[in-house]
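Here is my note on this structure. Please read the points alongside the chains.

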Amino acid sequence: MTMNELRDAVSGSRRPVERGYHAARWNEPLIFSLGSPGEQGIVMPAAGSKALGAFEGSPEDLIQRDDETTLPEIGQAQVLRHFLRLSQETLGADLNVDIGQGTCTMKYSPKINEVFVRSPQAAELHPLQHPSTVQGALQIIHDMERYVGAISGMDAVSLQAGAGSAAIWGNVKIVQAYHASRGESDTRDEVITTIFSHPSNAATARTAGYRVITLYPGDDGFISRQVLEEVLSERTAALMITNPEDTGIFNPEIAEIVRAAHDAGALCVYDQANANGLLGITRAREAGFDLCHFNLHKTFSTPHACGGPAAGAIGATAALEPFLPGYRLVGSEQEGFRYEARGENGTAPLRPFWGVMPNLIRAYAWTRALGAEGLREVAEVAVLNNNYVRARLDDVDGVIPAYVEGDRIALEQIRYSWDGLYQDTGVTSGELGQRLADFGMHLWTSHHPYVVPNPATIEPTESYSRRELDEYVDALTVVAGEAREDPGFVRGAPYRSSIHRLRPDDMTDPGTWATSWRAYRRKYLDGAPKVPVHWTPSEDAPRRERQEKLFHR
Amino acid sequence: MTFRVGLIVNPVAGLGGEASFAGSDGVEIQAAAREAGFVSNSHVRAGRAVDAILARVPEVEFFTGDGPMGADVFGTRDARFHVARDTLAPTTRDDSVELARALEGQRVDLLIFSGGDGTARDIADAIADRLPALGIPAGVKMHSSVFAVTPERAGVIVASVAAGSAAWELAPVIDIDEKARRAGVLGSRLYGHLRVPAAPRVARQAGKAGSQVIAPSVIGGIAAELQERRRPEDALVLGPGTTVRDIATSLGCASSTLLGFDVLMPDGSMRTNVDGHDLDELSGATRCQVVVSPIGGQGILLGRGNQQLNETVLTRLDPRDLLIISSPDKLAQFAGVGLLVDAPTSELNDKFRGVARVITGYREETAITVS
């Protein structure tokens, strides 16, 4: 379909739904303030003396608490009501048209896959079970490794990572181990990445001790191969790059870029967070990458779940397979699956045991339900939906798709610039997002620093209906119009949300935030909670340079 | 039809730059700069622009002032020019205004002027937006969006206008209160607008004078990196701007000249508010590392706010010893076009062009083009 055909399709008539949305607002206290002494959710019958006696000296006896818990004393219905109310105040992926959370690929997490995850066969698994008792789970991991291998073209896969950033970290450690094995740890101390790659690329490289050099795009939104070649040297350990980047445009020179990095002796690491428009169409392998990773909670539909639990997949060439983290899954359906040690070049496990099993099950089920043809269709529909939204936004004044002029096609997402509207009205893209919350919708701007001025990144994915895409764009159009009529009104939003405004400082200062009840008691109430026992290493253990742990708890 | 270009040279523009006076407004300041042995480069820069124009539009006809206000530029050049107005030395800003009016009367197609914000104000007073105009950067302060990045680029722009490009935009003319600035207070005012060619490289949107607050963690990171890069046996020259000032504090310097240059000497002592001559002497006696930050909203690394880095100093300086620092947020606005340089000569421009690695944190750099 050409852009013109798409534009013609856009101008068909449709009636926007007037929803009069208002978020639930409960001003719900913490559960610790609800309930009352003696209130109980479940009445347990007291154990008889014979039963108690049977436990003496048992492992259960050893871990029995000596003192009372500080859990709230509260009934079942009250617990239900409390959490239901909190959930009503959450603008989550199941509830709203979440295409405004670009780069995150907010596609539908099929609820049918929860049936698999909640079945006793999955829910009652223990990672230390004997392999002969978990062959089904191991087969799922094994097959999922093959699917990721087929999608990426890579020879070996690890599904151990508990997040995308963990997988990126895993790749950085593989790079480090590879160069160490060649005696080049000292000379190769630089990693090159781009400003449009996810911040975790630079962050993991820095954490591993590398000097990080970030490339900026040229006027066309692409990093320039000339600039890259100036920066590549015998000090470069790796190039970490995303393609398409968060701008949604595919760099046609990617193979040449990889070749240039290889010529300098560097490895190429492909952040495939933005794989949703590529499935079945192009692969890391053909571009020459050595390593890649996928976010299973993005492309592969596992729930985002407010920052986790997630799952990441690492893909590696055969040459780098010995450096993958943790254990290697071997075997077959006939001879049985088991884990074996990977060898002395294996890098440290990314987490305990084998992987985030519930998410591997979900990703596996999603992949099998679609098959190769279905995956290809996912990519095509995601790209189509993105360009549909773009065609509709072409009619809105003050917004342009960054780096996507005229007939240039973006893939699965676009970073828009609302700078035109800002110049006219003084309303920023962030403020547009605040007002959009009054329509039950979300708009994400961009990672910092903002290269595209007044950014907003929209990624429709394949999951939303045309009616839903229209509804989102209609709401955005209304808000942009409001910004022209009454900028102050837009800037004072939201008005119909569960709360009015958060003060960002409260949530970014470790001194004031409290991520647990224990921390809250310590910082704000007078309770003097016990400091949890911390393990202290023995005197002769290797000394590790590490920052004083920020004591949240 | 021959293309008619009006040229006004402000003969005192730029005097206060190398002299570290932060501007050239006022007879006393100009006299003080001259006494200290500094000269204005306004003619030289105007000449470079004229050469760039003649190379592309040989049949252009110039209209200008006499002697120091323009005719002197054409002395050795093979160009057609007419003097539109005579003046008596010493010339003042009124002469610029009157000359601009005279050139308007001569119906020039475009008026170019060599100077800074002060000169731009004078031109705007005279012609407002009635006549298209373009600034050749020769002043100390050039925050207005009316200047080409370099004199050569001015020539390229004039040539494209001569070739028929008719896209214009109204560019704000901004100036800073110099007295307040010398006292360390930064603040700019909008004085009017000039109609300038809407060519991509006319100038960036003039940012507000003074940068945003930078997070302490960023300052700490950049300072830590500079500590490692520093060669203790050499001099560390610290340029102007709030970013460098914040770093200087982190490096343990007791004070720092916001709008000028300080030097951290190998023996640990500080020399404050040094001028171009001081840097000449210093760079002749010892190796120097120079810390600069892109100035304001324009992304110009050399030639804006740091003219103390004169031809001699920059000729001696190894580009790898030019340590560029910036917070990532501030640098992001220059993505796409990259940073720019307007050094004293076009050879020096070529020397510092290429791909620069800007220090944005501890063991963190950003590669950006400098053109």
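Is Ser301(A) buried or exposed? Point 1 takes this up.

1. Ser301(A) counts as buried, because its relative accessibility is 2%. Buried means under 20% relative accessible area, exposed over 50%, and partly exposed in between, with a 1.4 Å probe and protein chains only. Ser301(A) is not a glycine, yet its phi is positive, about 75 degrees. The residue sits in the loop between strand 6 (291-295) and strand 7 (312-316) of chain A. Helices (H or I, at least four residues) and strands (E, at least two) are DSSP runs, numbered from the N terminus.

2. On the basis: this is a predicted model, in which local features need pLDDT of at least 70 and side-chain atom pairs count only at pLDDT 80 or more, while totals for chains, interfaces and linings use all residues. Residues are numbered from 1 along each chain as its sequence is written, chains are lettered from A and ligands numbered from 1 in the order written, and side-chain values use heavy atoms, with hydrogens and water left out.

3. Thr105(A) also has a positive phi, about 55 degrees, and is not a glycine. Its loop runs between helix 4 (76-88) and helix 5 (112-118) of chain A. Thr105(A) counts as buried because its relative accessibility is 0%.

4. Check two cis peptide bonds. Asn243(A) to Pro244(A) is cis, with omega near 0 degrees. Pro244(A) lies in the loop between strand 4 (236-242) and helix 11 (254-263) of chain A. Ala493(A) to Pro494(A) is cis too, with omega near 10 degrees. Pro494(A) is in the loop between helix 17 (487-491) and helix 18 (504-508) of chain A.

5. The largest nonpolar core has 76 residues. Such a core is a set of buried Ala, Val, Leu, Ile, Met, Phe, Trp, Tyr and Cys residues joined through side-chain atoms within 4.5 Å. Residues with the most contacts inside this core include Trp418(A), Ile458(A) and Leu309(B). Helix 16 (466-485) of chain A gives the most to this core, 8 residues. A second, separate core of 60 residues includes Leu278(A) and Trp366(A).

6. At the interface, 21 residues of chain A are in contact (heavy atoms within 4.5 Å) with 18 residues of chain B. The two chains bury about 1600 Å² between them, 51% of it on carbon and sulfur atoms. Buried area is the accessible area (1.4 Å probe) that two parts lose on being put together, summed over both. Arg206(A), Arg211(A) and Tyr216(A) supply 39% of the area that chain A buries against chain B, more than any other three residues.
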